[in-house]
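Here's a quick tour of a protein chain, from its overall dimensions down to a few residues. Have the model open as you read.

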Amino acid sequence: MTVLTFGIVGCGSIGRFLARLLTRDDALLAGRARLAAIAGRDASRARDAAAEVGCAALDVPRLLARPDVDAVLVCTPSGTHAELAQAALRAGKHVLVEKPVDVTPEAADRLIATARAEDRVLGVVSQHRFDPAARLAHEAVRAGRLGRITSVSAELAWWRAPAYYASGTWRGTRDLDGGGALMNQAIHAVDLVQWLAGPVVEVHAHTACLAHPGIEVEDVATASLRFASGALGTLLATTGAYPGRTARVAVHGDRGSVVIDDDELAFLHLAAEGEQAPVYGAFGATDQSAGHRAALGRDTARDACGLLYQPHRDQLVDFCDAVREGRPPLVDGAAGRRAVAVVSAVYASAATGRPQQVAARAPAHASSGELP
């Protein structure tokens with residue numbers, strides 16, 4: 001098996017987390033991936049991050065020039081993603097970009113076009129597709145076990161203290177953060193509901209900044225969603241829900257329902273052949289999730305920063321295998337663009353007060369959406 005050598009650009013919390021993940025003892029990553037170097041704008045922070053994991057500290061041009069670096073993880077402020085990723089692609093590197101792919105669909109289009117021109121693999125970090133509960137839900141939807149999808153809800157009611165936005169000059173800014181609670185935090189939920197229920201084609205939305213008056217972007221966003229399939233949905237994203245709750249995604253069909261809460265399977269019912277629910281419904285009394293939960297085999301090991309290793313690890317495994325097999329990764333540039341396009345449509349709808357169509361994706365080789 002070919003070992004893919006990574007360089008990381010960005011020395012913030014996510015860049016350092018991924019550096020620790022790439023250098024920890026992990027049976028699935030062993031033989032697939034290794035870390036060679038970390039680069040950042042601040043040389044002292046790069047040296048600090050590199051010293052922690054025992055790799056080289058470089059500036060970005062020197063990292064991209066290294067012939068032994070096969071792939072680059074871009075972990076910088078959101079509004080810089082496409083530019084840095086394009087530079088890495090043009091240097092002959094495969095690229096995995098931290099979410100969001102960038103802050104506009106147009107930037108995503110440029111990045112996708114560059115990856116195609118350079119014949120390099122482009123992926124976007126959306127690790128929650130690799131949560132065992134999300135995999136089970138996706139398999140159930142694909143197999144038709146939920147019947148016709150009728151409704152979807154995504155709720156991310158989190159809290160971010162003012163210190164969070166003060167921790168980086170880019171946080172809460174339009175240019176570099178691209179948006180607030182929706183673009184930065186709930187982009188994961190936007191990707192997940194589209195993976196499960198198909199593309200969103202229209203939104204009608206409102207946004208506000210109610211708990212963090214010092215930022216340029218929203219800390220509350222709500223939207224109604226219309227999916228290409230005809231299903232309808234709702235979206236709530238906020239960093240103003242003190243003291244912070246869990247993220248929750250629900251998909252309902254005319255033969256089953258699934259709910260994921262805090263990345264865990266919270267409710268599941270898949271109708272048996274010939275089954276008929278009570279005329280007025282079961283009110284949640286027929287939950288089957290307990291029978292599936294133990295079999296999901298969730299790895300609960302966490303990094304010092306609090307993040308689980310397993311979802312990011314599994315996405316890195318998929319990315320390495322995609323490079324080796326010459327296929328798109330599960331979350332490719334087109335998938336990253338779809339999430340940003342929905343967020344951009346929400347912002348446009350909130351600004352105009354009218355429903356907004358979601359911008360069609362640029363022509364690209366779409367991923368299969370299948371897990372390896």
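Predicted model: local features only at pLDDT ≥ 70, side-chain atom pairs only at ≥ 80, totals over all residues.

## Ground rules

A residue is called buried at under 20% relative accessible area, exposed at over 50%, and partly exposed in between, using a 1.4 Å probe and protein chains only.

Numbering runs from 1 along each chain as its sequence is written, and side-chain values use heavy atoms, leaving out hydrogens and water.

## Overall build

The protein chain carries 12 helices and 14 strands; these are DSSP runs numbered from the N terminus, with helices being H or I of at least four residues and strands E of at least two. Its C-alpha trace spans about 65 × 45 × 40 Å along the principal axes.

Of the 372 residues, 53% count as buried. Looking at contacts (heavy atoms within 4.5 Å) with a separation of 6 or more, 69% come from residues 24 or more positions apart.

## Helix α1 under cover

How many of the 11 residues of α1 are buried? Eight of them are, so helix α1 (residues 13–23) is mostly covered. The buried set is I14, G15, F17, L18, A19, R20, L21 and L22. Their cover includes strands β1 (4–9), β2 (33–39) and β4 (71–74), along with helices α2 (43–53) and α11 (310–325).

Searching the whole structure for disulfides (cysteine sulfur atoms within 2.5 Å of each other) turns up zero. For C75, the nearest cysteine sulfur belongs to C11, 9.4 Å away. C75 itself is buried, with a relative accessible area of 7%. C305 is in no disulfide either, and its nearest cysteine sulfur, that of C75, is 12 Å away.

## An exposed arginine

Now over to helix α6 (residues 132–142), where R142 is found. Is R142 buried or exposed? R142 counts as exposed, at 53% relative accessibility. R142 and L196 are 54 residues apart along the chain, and their C-alpha atoms are separated by 8.3 Å.
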